[in-house]
Amino acid sequence: MTLTSKTAAELQALLHKGEVTAKEVTQDTLKAIEQTEEKIHAFIHVAKEEAAARAEQLDQTAADSRGALFGVPIGIKDNIVTKDMTTTCASKMLEDFVPVYNATVMDKLEAAGAVNVGKLNMDEFAMGSTTETSYFGNTLNPWNTDHVPGGSSGGSAAAVAAGEVPLSLGSDTGGSVRQPAAFCGIVGMKPTYGRVSRFGLTAFGSSLDQIGTLSRTVEDNALLLGVIAGEDDNDSSSSAKAVPDYTAALTGDIKGLKVAVPTAYLGEGIDSEVAATVKEAISVLESLGAVCEEVELPHIQYAPTTYYVISSSEAQSNLSRFDGLRYGYHTENAENLEQAYFRTRQEGFGEEVKKRIIFGTYAMSADHHEDLYVRAQKTRTLIAQDFEKVFEKYDVVIGPTAAATAFNLGETGGDQLVHYANDVLAVPANLTGRPALSVPCGFVNELPVGMQILGKHFDEETLYKVAHAYEQATDFHKRTPAIREGK
């Protein structure tokens, strides 16, 4: 068994005991990436020299000074700022951008002893659900390379599923950690808004964005979130709430837990086999002592439209900084300032990003601000109130993470009912700021299915408890794509 087959928790134990070195783990990881990358293209940049130097430095660290992720390799979504390492957001606009500072999560990972082995592919500026809008090309699903890995954190999910790294960071604005986690058969957590600092995360929708964690097991995910969570003076939206030991919640005991299952989460637009798989998973929770009941969410059908209005409105504001004058791509084909602005953005942004900027500009215009943006914010409040009522009685809300299994490559404009259902499942957690986690719960046609667990604000512990209890009662987390065996 190679080191790359180990979980982060297993590697941590071996490293702390001195049975292996950080250098050995890093070498095995870089070798696995080299062997696998041509098949899935999860990385934009592999930090070979930086990772090797970091590992050698860590091996000189005194045993009593080693952090919670000492020597553990991790991949970073390429919209999270990394000092002296390119941060491209998978866009031509930032193809050569090298930041001079770290995101807060990067400083926390460094303090914990983690080894950053590179930057992971994504949809351009996190706008997409398939990782097909990347300027650097598609990432492929390790379970079947004719399929997408999901998005926008597709590289983050694919790298973990393929065994290139045990852990990765992604970002979630409308399901962009959870959906690729489901498509790739791994665990993905979108924490409560404010639980993790957004300082150094390239903004898409500022009221929706949250850095999230991806791993092969629930224990690893809990370990990683515990490292990166916490208040940050550089982010006024970060919470001062104390960060608990999330791994302590992994007791396996969910007797008496009250589970709400929204009827919309298993209704129209949800693939029948996916729905059946999730229902079977819910029955496993019932066998473990959970009490599961159906509920209604009266305004849930408005979630997709609400999300697109708000996210696009915030995106057009956040992306206005990319003008070709201060940093990033600059057109060489301009005769005056107006042309410089126009042509830089025309040449530097991809089609999906342009669409969202245009729609956001329309929604925020004087003629449509009240009818679109203000109305969307009011509807967001109604959706939040629906969930608040449910959580007065229930501990968690459960349903599929995605309406179908991974799409075929090139099907981004496929069944619109499925895309709508995907948004109904994914975006409420972002609109309401609640934590949500995806855990593998089965397969349909040899492709993974994820079960989503959504919880109360700052109650990630209960999500981990439920997911871990389910994980221990099943074996889906133990299954691996053939690509990890070199096939």
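Helices (H or I, at least four residues) and strands (E, at least two) are DSSP runs, numbered from the N terminus. The model is predicted, so that local features need pLDDT of at least 70 and side-chain atom pairs count only at pLDDT 80 or more, while totals for chains, interfaces and linings use all residues. Residues are numbered from 1 along each chain as its sequence is written, and side-chain values use heavy atoms, without hydrogens and water.

Two cavities of 30 Å³ or more were found in the whole structure; a cavity is a set of points on a 1 Å grid over the protein atoms alone where a 1.4 Å probe fits but cannot get out, and its lining residues have an atom within 4 Å of a point. The largest cavity holds about 50 Å³, and its lining includes L3, K6, E164 and R216. Strand β11 (447–455) and helix α6 (178–184) each supply at least two of its lining residues, and β11 gives the largest share, three residues.

Twelve aromatic pairs were counted, with ring centres of Phe, Tyr and Trp (its six-membered ring) within 6.5 Å. In one of them, the ring centres of F443 and F476 are 6.4 Å apart with planes at 55°, so the pair is tilted, that is, neither stacked (under 30 degrees) nor edge-to-face (over 60). Because F443 lies in strand β10 (residues 436–444) and F476 in the segment after α15 (460–473), this pair ties together parts 33 residues apart in sequence.

Notes: On a 1 Å grid over the protein atoms alone, a cavity is a set of points where a 1.4 Å probe fits but cannot get out, and a pocket is an open set with protein on both sides within 12 Å along at least five of seven lines; lining residues have an atom within 4 Å of a point. Grid points are joined across faces, edges and corners, and a volume is the space filled by probe spheres set on the points.
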